[in-house]
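Please keep the sequence and the model in view while reading.

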Amino acid sequence: MSRRNNVRGPSSALTEFLRESGITPTTVARRAQARQATEAQPAAGPSAQPQQGTEDVEMVEAEDVQPADGFESDHLDEPDEPTPPRKRKLSKAAEAKLKAKEKEKAKKKAKKDDDVDYDDEDEDPYSALSKMWRDDLPKPPVGSFETCVRCQKQFTVTKYTVAANPPPGYLCHPCAKSSGSDPFKKPAAPRKRKPAGDKRNVTSYEERRLPSLASICIQVISKHIDDVEALGDIGTMNLDEIAKSLARNRSLNAENATLFYSVENERLTLYDVTNLTPPALCTLASLNPNLTSLRLDFCGHMDDTVATAWATSLPQLKRVELLGPFLVRAPAWQSFFRAHPGLEGFLITQSPRFDIECMRVLVQSCPNLRELRLKEVGQLSDAFLEEIKPLGGQLTHLDLSYPGTADALSEAALIDLLACVGSSLEHLDLSGNLDVTDGVLFRGLKPHVLRLNALILANVTELTDAGVAEFFETWQAKPLFKLDLSRNHNLADAALAALIKHSGAELTELNINGWKDVSENVLKAIPKCMPMIRKLDVGFCRAVDNFLIKDILEQCPDIQEVKVWGCQRITEYCPRKRGVNIYGIETAQIF
């Protein structure tokens, strides 16, 4: 539908000028067609040359206008732009892929820009040769002469010559150094940025890459357990060290345990049998039928079937020491005791099912019993002490420490028991019993227990400093070899002075951990009066300092171990001695 009216829209100044000059879309199109026709004809001579004049100017002005139907005058003054290609509609998958590529390109570009900015920050413009000269200043040739803008002296230009700041001009080497820039300084190497992944990986521990020699030996022996006989006689001492190494790594299992088995074995000690199942424990008895002494630590898998197998497979067993046989029931214990009438030592720890009937059968079936340990037995009570009394005169080792409840053993029952069995006791442990008071010392130990070598009364909080001091001052027994009175916070100077006077010359092990109020003057008597001491625990004794440790190391030639946990006056400068282990220094190092 054509427009017949004369209504026109707004036009630009250029359009209005062209219209007044006679340049309209019609004339422009006509001239363009004529020019194309002329170019299509072969040039025949001068007559083919275009005429000079106003038409040429008009054609030149209109050359860039593309002829087309439907010209609009409003668009004649706009620049010629190519028509943008029509975009093809993409699928969703293609759009997502395109967006991912664009994001990746943007990340790479941003990382590159960051690296450039990072390097630019670290680069010194006075030391980097590439930036030594300003872009707006011509670089003088090397070997030419220049005048220093500061000292006005003439100098020879080198590649190290520094431009003056502010420009123009250059500085000689002395003036450049005095201005704070070193012309001979090498450019700093750009620092490399850590990848983001490396920054997130925080190393909180150091992985041990190389195994220790002991672990290598253990692995080799365990791997070639079938050929271990080719090594010959390893020796009892070496076997014991291997057993300790296996216990540290908890590597003992049914496969490598056979290394320690032999028909000729009479004694067997395994320090960690956590991985030995009941069948493996039964195999132990079958392959070691002549055992007379057996010690197993952490034997939590031991149950009634194991106890029954031992009753028949170990007929010569005289001493058994078990840690953690809490699965064995009372009937199995009783059968085991009846099958071993010659049992002389029964030492168990943590057996909650061991009851009063087991205790009665043990005493009746094993009349030669000399060592008894019922440590951390949950059902321990005064009734147990009545069953132990018939062992008087032969019992040398008695351990009734840490019963199920702290007040399970009364003071009166303990005094009566010591009156019956104390005459032959050499080792006594009553730790963790709340009713062990000064009365037990004066009415139980003092008159009836005179042959003790080791006395352990740890965590017996009812003891007093004056009572313990008087006990050691009036006790007519021989000196002790081992004494443990740890975690008794009421004990102090009087008790320590009395026990040093009584047993200091013979003591090899002393534990006074937790004696917080003992003074420095009394502690100084330890190195002077205990020449045979080997193991000493003075942890949480506030007066212990570096000088006391120094005296102990110098005056106690047999000392092997010192524990100083909680001694705040011990510093990292604490003296050391080769062959002596000092535990508890805040630097956490063992020497």
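Strand E8 and strand E9 (residues 371–375) run parallel and are joined by five bridges, in a model that is predicted rather than determined by experiment. Within this pairing, Leu347 has Arg373 in E9 as its bridge partner.

**Pairing with E7**
- Strand E7 (residues 319–323) also pairs with E8 in the parallel sense, over five bridges, and Leu323 stands opposite Thr349 of E8.

**Burial of E8**
- Strand E8 covers residues 345–349 and is mostly covered, with five of its five residues buried.
- In a regular strand the side chains alternate between the two faces of the sheet.
- In E8, Gly345, Leu347 and Thr349 point one way while Phe346 and Ile348 point the other way, and all of them are buried.

**Packing of H9 and H10**
- Helix H9 (residues 278–287) packs with helix H10 (residues 304–313) at an angle of about 10°, their axes being 9 Å apart.
- Because angles under 35 degrees count as roughly parallel, H9 is roughly parallel to H10.
- On the H9 side the contact involves Pro278, Leu281, Cys282, Ala285 and Ser286, which meet Thr305, Val306, Ala309, Trp310 and Ser313 in H10.
- Sorted by class, this contact of H9 with H10 has seven nonpolar residues, three polar residues and no charged residues.

Terms used:
Residues are numbered from 1 along each chain as its sequence is written. This is a predicted model: local features need pLDDT of at least 70, side-chain atom pairs count only at pLDDT 80 or more; totals for chains, interfaces and linings use all residues. Side-chain values use heavy atoms; hydrogens and water are left out. Buried means under 20% relative accessible area, exposed over 50%, partly exposed in between (1.4 Å probe, protein chains only). Helices (H or I, at least four residues) and strands (E, at least two) are DSSP runs, numbered from the N terminus. Two strands pair if DSSP finds at least two bridges between them. Axes are lines fitted to C-alpha atoms, for helices over the stretch in contact, and angles run from 0 to 180 degrees between N-to-C directions. Angles under 35 degrees count as roughly parallel, over 145 as roughly antiparallel, 65 to 115 as roughly perpendicular and the rest as oblique. Contact means heavy atoms within 4.5 Å. Ala, Val, Leu, Ile, Met, Phe, Trp, Tyr, Cys and Pro count as nonpolar, Asp, Glu, Lys and Arg as charged, and the others, Gly among them, as polar.
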